[in-house]
Amino acid sequence: MTAPAIEIHDLRKSFGSVQALTGLDLTVQPGEVRGFLGPNGAGKSTTIRVLLGLLRADSGTARLFGGDAWRDAVPLHRRLAYVPGDVSLWPSLSGGECIDYLVRLSGRKDHARLAARKAELLERFELDPRKKARTYSKGNRQKVALVAAFLTEPDLYVLDEPTSGLDPLMEAVFTQYVREVKDAGRSVLLSSHILSEVEKVCDTVTIIRNGAAVESGTLDELRHLTRTSVSAVLDGDPAVLGALPGVHDLVVTPSDGGTRVTFDVDDARLGAVLPAVGTLGVQRLTATPPSLEELFLRHYGDALDPSEPHAAGAR
Amino acid sequence: MTGTGTLLRFMLRRDRMRILWWTLGIAALYAGAAGEYLSLDDPAARSARAVLVSSPAMISMSGPGYGLDDYTPGAAVANELILWVVLAAAVMSILQVVRHTRAEEENGSAELVRAGTVGRHAASVAALLLVVVMNAAVALASGAVLAAQGLDAGQAFAMTSAIALGALVFGAVALVAAQAHEHGRGAVGLSLAVLGAAFLLRALGDVQERHGSALSWLSPIAWVQQTRVFVDLRWWPLGLCAAAGVLLLAVAARLAARRDVGAGLLAVRPGRRDARATLTGPLPLAWLQQRASLGWTTLGLGAMWLASGTIIRQVPTMLDAIQGNPLYDALLGTGEDMVRTFLGIFGLYIAVGAAAFGVAATLRARSEEEAGRTEVALAAPVSRYRWLAAPLTLALVGAVVVQLTGALALWAGAASTGYDALDVGEYLRLGAAYLPALGVLVGFTAALHAWLPRGTGLAWALLGYVFVVGMFADLFGLPGWARRISPFWWVGNPALGDVEAARLGGLAGVAAVLFLLAFAGFRRRDVPRV
């Protein structure tokens, strides 16, 4: 069996008195596209910098393709491409020069293929390669790094909030290239706080908070831990629903010819709650699967609203 | 100009420690030097000192020589210190103006400020008022130091105020440079080049003719010295400072009105679609980034040393009037020795210029890291060693180029006037003697970058200290151990043939150790560490 593209175990890193990583675990298998979610300051960029051999971990292991991320950094980097969240480029070089420079550093030599693919990527990302890097906006600098990364076609893409400066059209182009990468059997670690983007392209998700993973699994697995939103118009008195275990946030409003209810239900209890709803004379019913948004809010909800205790319980 | 007051208060608050250190530092310069001048209490000591400072070498590093007939402590302070204090205060003014104008625009914080209820010129005016306040503080503190040493208080404050006015001219120069140049570093460089030219014009003019020639009057530094303070005070030369200041401010305002926030005056040309074939790694990139600054430094300093070389021929003849004076002969030697003393001083100037390039080029490694570009490159299959070697190679090779072209330019200047008592080899040996010491300064900077990235300012402090030891060790009466800290002290005086191979070897060894430390430290530390 081949070694995982990324294998992080019990990783710890502190800066002075600030503990950035407090025992993080994270694995990306070959061919896997993993979303890496967390709020600002959770330790996403620190994790990535440890993976890139830029920061030295205090303890724990960080391995890429079975090699040590710190010690074997140079040979390992031949197999990966990195796009930082805030791309800094050499201001006196043009975008095209920056791309060529980064590709040459990566050691790719097949010039004919590179030239054709570069032209295609520039066109798809609508990037003018002749402008000096200092005149580029944040989004355009990001495009330069993305073009360079997709050009080198490595085994692993490490993307740190790669679309934070892109407009929706460009995000769609980005999504498409990530899917291509996935189809080609390459691995991706996509750090983000844009949940819809992660939902679109990732197979698996790790949620990090205060330097440790709090949830990890496939999107389907994670949805099982969450609630489905139900909205229905009923004939009967919905008060009994509120007493059922697993039902949360029940809101009852009068509606034309019935009563409108909205509530969330723990997915594990869904089977017990639906029959109870059925007895109340359902006129209309919609059930929405949980979005990552909700998943996210459940984990960080207490940070947003300290009076809500449920997120703490979910850990 | 709405919001100027608010901005000024904010700047004063942000810079309160800087204001304190600059004021104390310059006052300490006076206090440190005062002892030497106050010892001029008997006529013999006075005339000895007066002879000493009428040598061309000394004129190039002091003043036009007013009051040499009766060289009182006050006259000595005015003649010998004004130059250096104007330089220090001018550097202070330049750094502060650029820090609060172009540097702010470059890092984007000016955009935030300008979006508020703040007028177009408010930041510039506030920055200018800030340096007025700083120069006033320096003038008051240093005037008080001089008066406390027993010098005439009225003359002392007249002198320090004149210096403040002279320094403000360079603050205004910096304001113009900040409009013209898109980068803070470039604006500082441009302003320092103007300051260097002012230094050189004054030196050349005063060496040509006692009390200054027409050339001297092109330099704002001379305007301050020409007040003849402590000898026969006249105020009108300061009118030139005021006129130049107003003119520069008008130019800056015109330029500012014509450009966008963040933009320079020169339009950015489109670049290449593809990188040239030679851009294959960190070293070619470092060359692309630094070749312009290396070219301009070599050219600019080279022109200065070439001009300086043209006065060498006059050195042995210019003091014919006092030739044969036994006191003079005892102090300065005769003929060729005088030329060599003069060359020794210029050898030091050249080496300090080359070292400044070396330190600045090394610190590019630091600014690359702060900007986040080191990360991008190290995420590629590029080793730490290969990455750090690039700016260090540029720094070392660049320093050697600046140093040796400087020595050659000095020779070419002398040769162009027909002076051939010393051949080109002598000049090159003079330049080459400093190379191991330049290596120590570059290595020290690199080691700081690796081990103490937040303390890289210490590299400039060491360079400043090297200069102070070279120029003022005797004036300040520095003890031996304090002199030995300076790498240049170990070089000896190469113009007088006073160089020990063992010491140069030792310097080279220290440099090698510092480079090893730098590479070992950079290999094991976190990137970025800011």
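The questions below take a predicted model and ask what backs up each label.

Q: What makes A:Ile6 a buried residue?
A: The cut-off is 20 or more other C-beta atoms within 10 Å. A:Ile6 has 26 of them, so it counts as buried.

Q: Where does A:Ile6 sit, and which residues does A:Ile6 touch?
A: A:Ile6 belongs to strand β1 of chain A, which covers residues 6–15. Leaving aside residues up to four places away in sequence, A:Ile6 touches A:Leu26, A:Thr27, A:Val28, A:Leu51, A:Leu64 and A:Leu189. There's also A:Pro30: it comes 24 residues apart from A:Ile6 along the chain, and their C-alpha atoms are separated by 8.5 Å.

Q: How is chain A divided into domains, and how far apart do their centres lie?
A: The domain assignment gives domain 1 (6–218) and domain 2 (223–314) in chain A. Between the C-alpha centres of these two domains of chain A there are 37 Å.

Q: What is the strand order in the open sheet of 6 strands in chain A?
A: Reading across, the order is β6-β7-β8-β3-β9-β10, and the pairing is mixed. From one strand to the next, the twist averages 15°.

Q: Why are β6 and β10 of chain A said to stand at the edges?
A: Each of them, β6 (80–83) and β10 (212–218) of chain A, has a single partner strand, so one side of each is left without a neighbour in the sheet.

Q: How do you know that β9 and β10 of chain A pair?
A: Pairing takes at least two bridges. Strand β9 (residues 204–209) and β10 of chain A have 6 bridges between them, in the antiparallel sense, so by that cut-off they pair. One place to look is A:Val205, whose bridge partner in β10(A) is A:Gly217.

Q: Which helices lie against this sheet of chain A?
A: Helix α1 (residues 44–51) of chain A packs on the sheet and touches β3 (33–37), β7 (156–160), β8 (187–192) and β9 of chain A. The direction of α1 makes about 145° with that of β7(A). Helix α6 (residues 168–183) of chain A lies across β3, β7 and β8 of chain A, and runs at about 150° to β8(A).

Q: What is the order of the open sheet of 4 strands, and what makes β12 and β14 of chain A its edges?
A: The order is β12-β13-β11-β14 in chain A, with antiparallel pairing. β12 (247–255) and β14 (282–288) of chain A each have a single partner strand, so one side of each has no neighbour in the sheet. Ignoring direction, neighbouring strands here are turned by 15° against each other on average.

Q: Which residues stand opposite A:Ser231?
A: In β13(A) it's A:Thr262, and in β14(A) it's A:Thr286. Other bridge partners in β13(A) include A:Asp266 for A:Arg227 and A:Arg260 for A:Thr253.

Q: What is found at A:Gly257 in the hairpin of β12(A) and β13(A)?
A: This hairpin has 2 residues between the strands, and A:Gly257 takes a positive phi near 65°.

Q: What makes up the contact between chains A and B?
A: Chain A brings 30 residues and chain B brings 26. On the chain A side, α2 (73–77) and α3 (95–106) of chain A are the elements that give two or more residues. α3(A) gives the most, with 8 residues. By type, that side divides into 13 nonpolar, 8 polar and 9 charged.

Terms used:
Residues numbered from 1 in each chain as written. Chains lettered and ligands numbered in written order. Predicted model: local features only at pLDDT ≥ 70, side-chain atom pairs only at ≥ 80, totals over all residues. Axes fitted to C-alpha atoms, helices over the stretch in contact; angles between N-to-C directions. Domains from an automatic or database assignment. Contact = placed C-beta atoms within 7 Å. Nonpolar A, V, L, I, M, F, W, Y, C, P; charged D, E, K, R; others polar. Buried ≥ 20, exposed ≤ 12 C-beta atoms within 10 Å, placed from the backbone.
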